[in-house]
Amino acid sequence: MAAQIDGVFEAGLQKKITDSKVLVVGAGGIGCEVLKNLVLTGFTDIEIIDLDTIDVSNLNRQFLFHKEHVGKSKANVARESALSFNPNAKIKAYHDSITTNNYGVNFFQRFSIVLNALDNRAARSHVNRLCLTADVPLIESGTAGYNGQVELIKRGLTICYECFPQSAQKTFPGCTIRNTPSEPIHCIVWAKNLFNQLFGESNEDEDVSPDTADPEAGADVGQAALEKDANEKGNVDRVSTRAWAKQCEYDPEKIFNKLFFDDINYLLSMSNLWKNRTPPKPAKWATLQEGTKEEEGTITEDSVARDQKVLSQVETVKLFAESIKALELAFTKLPDGDHLVWDKDDKDAMDFVAACANIRAHIFDIPRKSRFEIKSMAGNIIPAIATTNAITAGIVVMRAFRVLQEQFEMCKTVYVRLRLNGRNQFIVPEKTIIPPNPKCYVCAAKPEVVVKLDTKKLTVRELRDDILIKALNMVSPDVTLDGMNSIVISSEEGETDCNNSKTLEEMKIVDGCILKVDDFLQNYELSITVLHKDPGREEVPFEIVADRESLKPKEEESVPPAAPPVDDAQPSTSKGLNGSANGKKTATNQFDDEGLCIIEEEEDSADKPSTSKASATPSKSVEKRKHAPEEEEPAHKKAKVSSHEPMEDDDDDLIMLD
């Protein structure tokens, strides 16, 4: 390996490489490349963790995995494959979630550096907080199509992953799309994939249903697939959805029953998926047809009124049947080998996606959307790009060299771009290292937020699930009411279940109350000031605000702080709130790299204030991060995308997801 050959690296770096201990979080598209680079470079003490198993669709770009590995642990197989490059390396694999209580601050303090190769914000935020507490340098990386990003997170020196807010997550793991959707957008992506499977340009990465020939279904069911010869790409051949649909002459009833009854029942047989989730409810064509007798009339003919209306389940099934027959007619008129192209302005194509998305949403108890809303959300979906993963992973390891040499000033954030910028660069570095946000709700000296909500309606369960866990990315929060020492939420199972259905007002949490929140697993404390508001019909259930000054009436205009220098052709760093702070659900599946990126127009994000760098690095210890004394000015964070400091909106903001 390179580090074992004298002269490849300078002596000091060579020793640091061989003596360092590295943690890689995630073994997907970027994780495989990072692990390979580490081993070939000469790192010999590596640990890798990933909860996911290998899917057939991984094989064409995650090169450490092969046909015989389908259904096995990604972390374990990645370890075995990497050892073939260097049998002398010491690699330990964990088939587990990084967010469990097995991996706390003491675990992270064992490492010289942590390399993140994750694909979702909940896990990223968790690792971010533990690395800050353990004072271990973290190198974040992510890709979205042809764009990539690598940055250093170091306590007291750089911004952390949650220093600034960002828009809702726009990439989702493939297994979430196929098996466990939890948001309307998941169903829309699935419906677009189904359109391509039936009528468009088929992509094996866009499978829409669990296949009985898929080895991950179980040892007995998958044996037939494993015994098949691999195709030219080395993947296991799957049953063609389009060929099956042609055989049944695109019969709406047969297609409906397969997708929404048979496949859903198959998912229900995978009992592990539903231990902590609400199981889906299969829908049968015949049952819904009986409902047509009770629901007279046809679908609204007025296209404007129809687009704005959320159709009933019976109306949606009618739309499904009509659109699938119309698309079949258009498809059969094409020359052999040609296909339809999905277009949001094509009536039949849009009707099909809207109907399928809403039927699936109904099955998984997800709010349905109007055709107009679905059309606006569909966007432009692109798959992960293997080349981007490889370039990004190479930059990750090069940055690791600088970190080991403690050359932090040379660890500026780097962006990988599809097109050259004004300086003729497609690998674009930041001009400066951006210091921490003094109002960050995670890395500030005294983390505080203000939450505006309806104390008369919001329940304790909603406070825990929607605000603390989904919006603020906590794992096991304990909540007490300041001044009364009453326990509102306990992380101990069953201790405060009696409070779940109570409103905040019933728990004496009213306007002006302060909640003290402590997540022992993340070694993280937060002070929440509750402000009561009566939300209107179109308003979000709650809003998280960091800066108290933004809540005060403005007597005179003040000049906002200057933003740090920004390259004219580089995306803004993707920091901030994991998921939505407006009460909407977010995807929480971890470590899946089969992400799809939905590109949409984005709102201006918060400005990054220019502050001085923190001085000496704090000492490593297990104790909690020290909070500021009471007389110091309190630190806050921006949470909901509600900011009073506008910033230039970069035209191609990068979402850091693999």
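Analyst: Let's start with the term itself: a salt bridge is a side-chain nitrogen of Lys or Arg within 4 Å of a carboxyl oxygen of Asp or Glu. This is a predicted model, in which local features need pLDDT of at least 70 and side-chain atom pairs pLDDT 80 or more, while totals for chains, interfaces and linings use all residues. Residues are numbered from 1 along each chain as its sequence is written, and side-chain values use heavy atoms, leaving out hydrogens and water.

User: How many salt bridges does that rule give?

Analyst: Side chains of opposite charge can pair when their charged atoms come close. In this model, the rule finds 17 salt bridges.

User: Where do Lys36 and Glu33 lie?

Analyst: Look at helix H2, residues 29-41: Lys36 and Glu33 are both there, 3 residues apart, or about one turn of the helix. Helices here are DSSP runs of H or I with at least four residues, strands are runs of E with at least two, and both are numbered from the N terminus.

User: Is Lys36 buried or exposed?

Analyst: Buried means under 20% relative accessible area, exposed over 50%, and partly exposed in between, with a 1.4 Å probe and protein chains only. Lys36 has 19% relative accessibility, so Lys36 counts as buried.

User: Which residue forms a salt bridge with Asp351?

Analyst: That is Lys347, and the closest N and O atoms of the pair are 3.0 Å apart. Asp351 and Lys347 are 4 residues apart in helix H14 (residues 347-363), so about one helical turn separates them. Now look at the cover: Asp351 is buried, with a relative accessible area of 2%, whereas Lys347 is partly exposed at 47%.

User: What is the distance between the closest N and O atoms of Asp466 and Lys470?

Analyst: In this salt bridge they are 3.9 Å apart. Helix H17, residues 460-471, holds both Asp466 and Lys470, again 4 residues and about one turn apart. Asp466 is partly exposed, with a relative accessible area of 22%, and Lys470 is partly exposed as well, at 21%.

User: Which residues are linked in a network of salt bridges?

Analyst: Salt bridges tie Lys21, Asp45, Glu47 and Arg110 into such a network.

User: With which side chain does the side chain of Glu315 make a polar contact?

Analyst: It is the side chain of Lys309, at 3.1 Å. Glu315 belongs to helix H13 (residues 313-332) and is buried, with a relative accessible area of 9%.

User: Which residue does UniProt list for "active site"?

Analyst: The unreviewed UniProt entry lists Cys175; such annotations may be inferred rather than shown by experiment. In the model, Cys175 is in helix H6, residues 174-178. With 26% relative accessibility, Cys175 counts as partly exposed.

User: How should I read the chain as a whole?

Analyst: Start with the secondary structure: the protein chain has 17 helices and 17 strands. Next comes burial, where 55% of the 658 residues count as buried. For contacts (heavy atoms within 4.5 Å), take those with a separation of 6 or more in the protein chain: 75% of them come from residues 24 or more positions apart. Finally, the accessible surface of the protein chain is about 28800 Å², and carbon and sulfur atoms account for 49% of that area.

Definitions and conventions. Accessible areas come from the Shrake-Rupley method with a 1.4 Å probe; for residues, only the protein chains shown count as cover. A polar contact is a pair of N or O atoms within 3.5 Å; within protein, one must be able to donate a hydrogen and the other to accept it, and residues adjacent in sequence count only if both atoms are side-chain atoms.
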